[in-house]
Amino acid sequence: MLIGIPKEIKSAERRIAMPPAGVEMLVKNGHKVLVEIDGGLGSGFSNDEYIKAGAEIASTAKAVWDQAEMIIKVKEPLPSEYGLIQPDQVLFTFFHFASSKELTNAILETGCVAVAYETVTDAKGRLPLLEPMSEVAGRLAVQEGAKYLEAPMGGRGVLLGGVPGVLPGEVVILGGGTVGINAAKMAAGLGAHVTILDININRLRYLDDVMPANVDNLFSNDSNIREALRKADLVVGAVLIPGAKAPHLVKREMLSLMKPRSMIVDVAIDQGGCVQTISEHDPTTHAEPTFIVEDVMHYAVANMPGAVPLTSTLALTNATIPYALELANKGYLQAAIDDPGLMEGINMVNKKITCDGVSDAFDMPYTPVEEALGL
Ligand SMILES: NC(=O)c1ccc[n+]([C@@H]2O[C@H](COP(=O)([O-])OP(=O)(O)OC[C@H]3O[C@@H](n4cnc5c(N)ncnc54)[C@H](O)[C@@H]3O)[C@@H](O)[C@H]2O)c1
């Protein structure tokens, strides 16, 4: 199969969908790989390293999109890429359709096969391709939060770890999944006091067992969220209902409960945001990550792992390469038939939406994937 790896063009996005080591594996399996020129530079990989791994270098994005049977990317296609997508071309990338009707309509119109990293599941029902980026984003959320809590950055001037004789900062984490536990590890490691809220009682039991003494947990409901917001210096939004739009756990009127210049990092922004004032705002970029509403600083970058591309590219591709090999070796149809978890990754095929979370988000027709594939 001819596999294309275009350069990412989202603002300040420096990851690439395949490192040279992954190219080498695809080539050894008999595939041809076309990498857009300089696509790997942001992640520390030169064109020469790709050539040594067996790739061909394409001088334009168009050359990659025109020829490839399967495109592997990191982020969703942007408007300037919509016209490059071929009908029946397999697109294997993060889409997060539920956060954008424009993207949903544009990709549906192309007739491509949209295999979304974020809805591929493993045998235990987990999300193996979202997980590594959630690990990065969770850890980064606290690093960014700590930075923007500094007074010169506009924050309230709190050191999360405190010092002897001064209490540490308070970190509240909404959602105790992969993002949540990674944020909690970082915040707890810095010495902050951490509270994790989740609706899954078994997850709360697990967190209670594994987290250090400076991490408490609380069942997530309106009343407990209000109480937690009152004391928070940093709030991390980390909820997920797979494939669907994030619920608004922090409503606009709740901001008045928060301390002046406290900080919210809404990692769930890629699914629309779990903070109302964030989901009503456009996502922010690494170039201008924050904005202030009611004297609370908001951070809403939808591609947080793009800030640490050397770590993120390797973490992401460690997880995606086995799936890329299956898709390339067997073709997407057989690969999905053989792996029901990969089948769940197909969000669109034959101009039909096959992910119920996406059709629910926009009240658009849903077709079961087997029916859309004529199985
Ligand atoms: N912005 C970025 O760059 C970036 C990067 C990676 C992941 N994400 C996003 O972060 C979010 C979290 O991802 P994850 O991998 O941790 O998901 P996850 O499924 O591991 O965890 C989500 C948790 O949210 C909990 N939850 C659901 N409803 C809740 C509620 N009402 N209150 C409290 N908790 C609730 C679930 O029980 C679960 O434990 C997703 O939207 C994901 O797409 C964003």
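This is a predicted model: local features need pLDDT of at least 70, side-chain atom pairs count only at pLDDT 80 or more; totals for chains, interfaces and linings use all residues.
The protein falls into domain 1, made up of 2–119 + 310–372, and domain 2, which covers 131–302. Their C-alpha centres sit 30 Å apart. Where the two meet, 17 residues of domain 1 are in contact with 15 residues of domain 2. On the domain 1 side, helix H11 (309–330) and helix H14 (356–362) each bring in at least two of the touching residues.

Seven strands form an open sheet with mixed pairing, and the order across it reads S9-S8-S7-S10-S11-S13-S12. Strand S9 (215–219) and strand S12 (290–293) are at the edges; each has a single partner strand, so one side of each has no neighbour in the sheet. Going from one strand to the next, the twist averages 20°. As for how strands hold on to one another in general, sheet strands pair through backbone hydrogen bonds, in either a parallel or an antiparallel sense.

Helix H6 (residues 131–148) stretches across strand S7 (170–174), S10, S11, S12 and strand S13 (296–299), and runs at about 155° to S11. Helix H9 (residues 222–231), for its part, lies across S7, strand S8 (193–198), S9 and S10, at about 160° to S8.

H6 also has a helix partner. For H6 and H11, the axes come within 8 Å and cross at roughly 155°. An angle over 145 degrees counts as roughly antiparallel, and H6 and H11 are therefore roughly antiparallel to each other. From H6, the contact draws on Glu 131, Pro 132, Met 133, Glu 135 and Val 136, while H11 contributes Thr 311, Ser 312, Ala 315, Leu 316, Asn 318 and Ala 319. Taken by class, the residues of this contact come out as six nonpolar, three polar and two charged.

Terms used. Residues are numbered from 1 along each chain as its sequence is written. Two strands pair if DSSP finds at least two bridges between them. Helices (H or I, at least four residues) and strands (E, at least two) are DSSP runs, numbered from the N terminus. Axes are lines fitted to C-alpha atoms, for helices over the stretch in contact, and angles run from 0 to 180 degrees between N-to-C directions. Two residues are in contact if their C-beta atoms, placed from the backbone, lie within 7 Å. Domain bounds come from an automatic or database domain assignment. Angles under 35 degrees count as roughly parallel, over 145 as roughly antiparallel, 65 to 115 as roughly perpendicular and the rest as oblique. Ala, Val, Leu, Ile, Met, Phe, Trp, Tyr, Cys and Pro count as nonpolar, Asp, Glu, Lys and Arg as charged, and the others, Gly among them, as polar.
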